[in-house]
Amino acid sequence: MKTRLATRLPSMVLPAGALAGALAGTIVPAQASTIVDWTLNRPEGTRRYLVVEPDRLAARNRPLVILLHGHGASAAMMVGVDSLAGYRPQDWIRLAERERIMLIAPEGSTASDGKIDWNDCRGDASIRSDDVGFIAELIDNAVARLGADPERIYVFGSANGGAMAYRLGIELGPRLAAIGVQGALMPAQSRCRAPSHPLSVFVTHGTADPVMPYGGGKVGNWLLRERGNGLGAEESLAVWRRLAGLGGGPYRSRIPHLQSSDPTSAIRYVWGGDPAQVQVELLRIDGGGHVPASKGDAFPWWLNKLVGNMNRDVDTAEEAWIFFRDKRAIVKQ
């Protein structure tokens, strides 16, 4: 059963911290999008997710991007409702309004360290709730009740959310048109089976990521302990390339550098020549840290010190959507 908790909320004018007030019944005039807070009753307990509906969104056959937050983050941060030290990412909201995409940002569950995260495939990290079942039921409801196009269901995750996107690609692959992963790795010790369904996969990863090391190994830092071990970013992607039979050399292009003060740069590698067919892409951020790239969103200097540098040549959301938009799942009748 799904319970609606709140009135419709404007995405672009809701100040930081205002979501709690909105859930108490505050009504603010609608702007370019509305955000509705929902709950879903599950065997593991009540689960929460936010639905973003741009005002010009079609009534049916809506493309849907499911956004998965990282460890210790939140659904509200993924859609720009909440902020961290003034950092309020707006790229996905702007993209959804321009491209008429529905966004759903689910909330993870509480881990052993008290932070919210996802039950990905790492066998050497703690096992938690049935997040695959939660996302599967969420997709069912989105198609049946919110007009989502079953052929255009995409998943994008950051960090721990990206690791969860990999798991969804393994366990829900036939239901998805593509997945996107930012700053995440396939597990070195997996409790999931190997992928068996060829799927389009977009990966972006910084080579100086201090939390999910580009070359693989121990995940975490002095703030995040016992997070398991991961394969390298390229090795993770190779799992999906081999499954899709994309063994040849990639198309390679360097992204134009926009700011001389930006110490990072970006290179795109694409396997598969047809955007409407299975492709695999790596957007490598040389010198980049554990943070999405963005031309417009500012990142506090002290967070750069903690998680590494943000690339300013591309928008991660934009790059993921360009990769997603022509992909379709084959839905069995």
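**Rings and a helix pair**

Ring pairs join Tyr154, Phe202, Trp321, Phe323 and Phe324 into a cluster.

Trainee: Hi! What sort of model is this, and how are residues numbered?
Mentor: This is a predicted model, where local features need pLDDT of at least 70, side-chain atom pairs count only at pLDDT 80 or more, and totals for chains, interfaces and linings use all residues. Residues are numbered from 1 along each chain as its sequence is written, and side-chain values use heavy atoms, with hydrogens and water left out.

Trainee: How many aromatic pairs are there?
Mentor: The count comes to six aromatic pairs. Rings of Phe, Tyr and Trp (its six-membered ring) pair if their centres lie within 6.5 Å; planes under 30 degrees apart count as stacked, over 60 as edge-to-face and the rest as tilted.

Trainee: How do Tyr154 and Trp321 pair, then?
Mentor: Their ring centres are 5.7 Å apart and the planes are at 85°, so the pair is edge-to-face. Tyr154 is in strand 9 (residues 148-158) and Trp321 in helix 8 (residues 316-324), 167 residues apart. Helices (H or I, at least four residues) and strands (E, at least two) are DSSP runs, numbered from the N terminus.

Trainee: Is Tyr154 buried or exposed?
Mentor: Tyr154 counts as buried, at 0% relative accessibility. Buried means under 20% relative accessible area, exposed over 50%, partly exposed in between (1.4 Å probe, protein chains only). Trp321 is buried too, with a relative accessible area of 3%.

Trainee: And what about Tyr154 with Phe324?
Mentor: The rings of Tyr154 and Phe324 have centres 5.0 Å apart and planes at 10°, so that pair is stacked. Tyr154 lies in strand 9 and Phe324 in helix 8, so the pair ties together parts 170 residues apart in sequence.

Trainee: New topic! How do helix 3 and helix 8 cross?
Mentor: The axes of helix 3 (residues 91-99) and helix 8 come within 8 Å and cross at roughly 40°. Axes are lines fitted to C-alpha atoms, for helices over the stretch in contact, and angles run from 0 to 180 degrees between N-to-C directions. The two helices are therefore oblique to each other; angles under 35 degrees count as roughly parallel, over 145 as roughly antiparallel, 65 to 115 as roughly perpendicular and the rest as oblique.

Trainee: Which residues make the contact?
Mentor: Asp91, Trp92, Leu95, Arg98 and Glu99 of helix 3 meet Ala317, Glu318, Ala320 and Trp321 of helix 8. Contact means heavy atoms within 4.5 Å.
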